[in-house]
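Colleague: I have a model open here and would like to talk it through with you. Could you take me around it, with the cut-offs as we go?

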Amino acid sequence: MFPGLRDRGAAYLQAVADANNFSMDQIQVIGKRVASVTADDLKHKKVNLLMGEPFYYGGEGMLPWQNLRFWNARTLLDPMLSKDALIVPCKGVLKLCAMSLPDLWRSRCSLKDVEGFDHSVVNETLGACGDLPGEQQGPCLPYYVWQCGHTKKLSKVYSLMDFNFFEPIHSCFGKTKIEFADAGTCHGFALWIDWVLDEKNFTVLSTGPDSRYWKQGVQLLSKPVEVNPADSAVHVEASFDPASGDLTFSSLFS
């Protein structure tokens, strides 16, 4: 199944088959979306291996957790999976770290009065995050962190939430306390998903800031916070809604 790829997907399988001396007449390409696949398409056989790349064509501008559509696809195929089916990847782990992002924060500041005209009405449309009034929080936006000017990690990497692909898709919640490793100005958090390919955690594909091929979700603070390892910490919480595919995120400094 290669929704959106079709010929490219078939050409990819042909290349894989050729590289492994495998005959293409033993491969069937089902040109349907997952929701349309029926038991007849599988000749009423149970699936014992479900494998998917955690990346979707045309999804370069997506937030990391929007690739959890793989989990949704796995759920739609649940009646056709054998009881001991192998799922690859088998798990996703939501990771995060506190960041200093001065250049990005300045570029995403909210607009107020410009030459006597109130421009605040466009803040929501433009996705303004910095210097918002009151307790407002801007949206989490996808960025290649390495392209965001000056950046610095202020904490170690923390795990916030697990997504178990052996189970049908469901709501998830996670929370943790972040302690700072370096002093500096915290402008927000970088969030991403590590894709665990096997149950023993031998093979993990990380999409964090150290990778230049994946975008991270960046949640900027409305007001930057000065932090230091001695007496600064922040409590963060996140929840995943399977109906919308959205992730909500909140933080509280102490």
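**A walk through the model**

Modeller: Let's start with phenylalanine 165, which is buried at a relative accessible area of 0%; buried means under 20% relative accessible area, exposed over 50%, partly exposed in between, with a 1.4 Å probe and protein chains only. Before you ask more: this is a predicted model, where local features need pLDDT of at least 70, side-chain atom pairs count only at pLDDT 80 or more, and totals for chains, interfaces and linings use all residues. Residues are numbered from 1 along each chain as its sequence is written, and side-chain values use heavy atoms, leaving out hydrogens and water.

Colleague: Where is the place of phenylalanine 165?

Modeller: Helices (H or I, at least four residues) and strands (E, at least two) are DSSP runs, numbered from the N terminus. On that count, phenylalanine 165 sits in the loop between strand 8 (158-164) and strand 9.

Colleague: Which residues is phenylalanine 165 in contact with, leaving aside neighbours within four places in sequence?

Modeller: Contact means heavy atoms within 4.5 Å. The C-alpha atom of phenylalanine 165 is 8.6 Å from that of threonine 75, 90 residues apart along the chain. With those sequence neighbours set aside, the contacts of phenylalanine 165 are Leu68, Phe70, Trp71, Arg74, Ile87, Pro89, Cys90, Lys91, Gly92 and Trp195.

Colleague: And what share of the contacts with a separation of 6 or more comes from residues 24 or more positions apart?

Modeller: The protein chain has 254 residues, 41% of them buried, and it holds 4 helices and 14 strands. For contacts with a separation of 6 or more, the share from residues 24 or more positions apart is 74%.

Colleague: What is the order of the open sheet of 3 strands?

Modeller: Two strands pair if DSSP finds at least two bridges between them. Strand 9 and strand 13 run antiparallel, joined by 8 bridges, and strand 13 (residues 233-241) also pairs with strand 14 in the antiparallel sense over 8 bridges. That gives an open, antiparallel sheet with the order 9-13-14.

Colleague: Which are the edge strands?

Modeller: An edge strand here pairs on one side only. In the bridges, cysteine 172 partners phenylalanine 240 of strand 13, while valine 234 stands opposite phenylalanine 253 in strand 14. The edges are strand 9 (172-179) and strand 14 (246-253).

Colleague: Over to helix 1: which residues are buried there?

Modeller: Helix 1 (residues 7-19) has 13 residues. On its other side, Asp7, Arg8, Tyr12 and Ala19 are exposed. The buried residues of helix 1 are Gly9, Leu13 and Ala17.

Notes:
The expected span of a helix is 1.5 Å times one less than its number of residues.
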